[in-house]
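Try each task before you read its solution.

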Amino acid sequence: MKTASLKSHEKKFSTALVFPVYFFAAALVLLPLLYMVILSFMTREGTLGVSLNFTLHNYARIGEKVYLETFFESLRLAFISTVLTAVIGYPFGYFMSGLDKNWKNRVMLILIIPFWTSSLMRLYGWIIMFRANGVLDSFLLAIGIIKEPLRLLYSYPAVITGMVYVLLPFMIYSVYTSAEKLDRSLVEAARNMGASSFTAFWTVIFPLTMPGLFSGFVLTFIPSMGLFYLADILGGNKVVLVGNLIQEQLVKAHDWPFAAALSAVLMILTSVFIALYRKLTRSGELEGLV
């Protein structure tokens with residue numbers, strides 16, 4: 001009886017500890033998302049108001065050419081920036097896992113330091129780099145590589161560079177976490193059996209670090225579709241993402257139902273990628289992708 005009573009008290013205590021987590025998750029995540037979904041089916045009325053008339057017009061508008069092009073452009077930009085982030089971040093994270101403890105701490109500190117400052121301030125640093133006759137132009141002109149300013153600011157490459165810069169640490173840490181758990185004796189065994197460095201990497205290292213790489217893909221691809229402030233600062237009005245479109249509908253057009261519909265579709269797209277990632281990691285199919 002005492003044991004059953006003790007277990008009952010422990011269960012009540014654990015429930016009491018978990019309750020605040022569920023409460024804040026519902027209040028700060030679930031309810032706002034539910035409000036957004038409901039709002040997406042409402043009708044715009046007046047300048048700032050909405051009516052409760054149910055409509056699918058907001059979702060039908062997304063099928064218009066201009067909005068579809070924005071979604072496709074966002075997907076293309078997210079894909080390019082994610083691939084570049086993986087190309088840079090994968091070797092960085094892998095070799096970082098092979099450093100000794102002191103150097104690991106130093107490199108981690110270098111990667112963390114940028115997060116101590118505002119991302120907007122760091123992006124304005126890229127404006128100084130990319131603007132005409134800026135730091136980059138002055139350097140390239142001085143060494144004779146170019147003969148006139150490149151005018152990279154407010155261009156597609158500038159936006160991609162900014163995205164890679166902002167999202168690169170997430171890829172590096174994802175790969176590093178996976179590579180840190182790698183059993184190095186397996187690599188040595190492959191080399192002892194006559195495998196070349198490339199063969200050992202492709203047959204042993206890459207499959208075992210694939211979960212970290214795929215996790216980095218998710219952590220970089222999903223945010224890159226909504227980094228509207230980055231496209232505004234480095235792309236001007238030449239590069240428009242879904243996030244920029246949502247901001248425009250909220251701030252300028254004041255069409256909250258349409259902005260909610262755009263947000264709902266973007267949320268569905270990101271949920272699909274997260275569901276795919278969870279399916280692959282749970283079923284162990286990541287190793288079979290190689």
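Buried means under 20% relative accessible area, exposed over 50%, and partly exposed in between (1.4 Å probe, protein chains only). This is a predicted model, where local features need pLDDT of at least 70 and side-chain atom pairs count only at pLDDT 80 or more, while totals for chains, interfaces and linings use all residues. Residues are numbered from 1 along each chain as its sequence is written, and side-chain values use heavy atoms, with hydrogens and water left out.

**Exercise 1.** Describe how helix α3 meets helix α11.

*Solution.* First, take the axes, which are lines fitted to C-alpha atoms, for helices over the stretch in contact; angles run from 0 to 180 degrees between N-to-C directions. The axes of α3 (residues 65–97) and α11 (residues 242–251) come within 8 Å and cross at roughly 140°. That makes α3 oblique to α11; under 35 degrees counts as roughly parallel, over 145 as roughly antiparallel, 65 to 115 as roughly perpendicular and the rest as oblique. Now list the residues: α3 brings Y67, T70, F71 and S74, and α11 brings V242, L245 and Q249. Sorted by class, this contact has four nonpolar, three polar and no charged residues. For the classes, Ala, Val, Leu, Ile, Met, Phe, Trp, Tyr, Cys and Pro are nonpolar, Asp, Glu, Lys and Arg are charged, and the others, Gly among them, are polar.

**Exercise 2.** In the loop between α11 and α12, examine H254 and D255.

*Solution.* Begin with the backbone: H254 has a positive phi of about 55° although it is not a glycine. With a relative accessible area of 26%, H254 is partly exposed. Move on to D255, which is buried because its relative accessible area is 6%. Apart from neighbours within four places in sequence, D255 is in contact with R44, R61 and Q249.

**Exercise 3.** Classify the aromatic pair of F41 and Y59.

*Solution.* Recall the rule: rings of Phe, Tyr and Trp (its six-membered ring) pair if their centres lie within 6.5 Å, and planes under 30 degrees apart are stacked, over 60 edge-to-face and the rest tilted. The structure holds 14 such aromatic pairs. F41 and Y59 lie 5.1 Å centre to centre with 40° between the planes, a tilted pair. This pair links distant parts of the chain, with F41 in the loop between α1 (2–40) and β1 (43–45) and Y59 in helix α2 (residues 57–62), 18 residues apart. Finally, check accessibility: F41, at 24%, is partly exposed, and Y59, at 23%, is also partly exposed.

**Exercise 4.** Which ring does the charged end of R106 sit over?

*Solution.* Apply the criterion: NZ of Lys or CZ of Arg must be within 6 Å of the ring centre and within 35 degrees of the ring normal. The charged end of R106 sits over the ring of W103, 4.8 Å from its centre.

Technical notes
Helices (H or I, at least four residues) and strands (E, at least two) are DSSP runs, numbered from the N terminus. Contact means heavy atoms within 4.5 Å.
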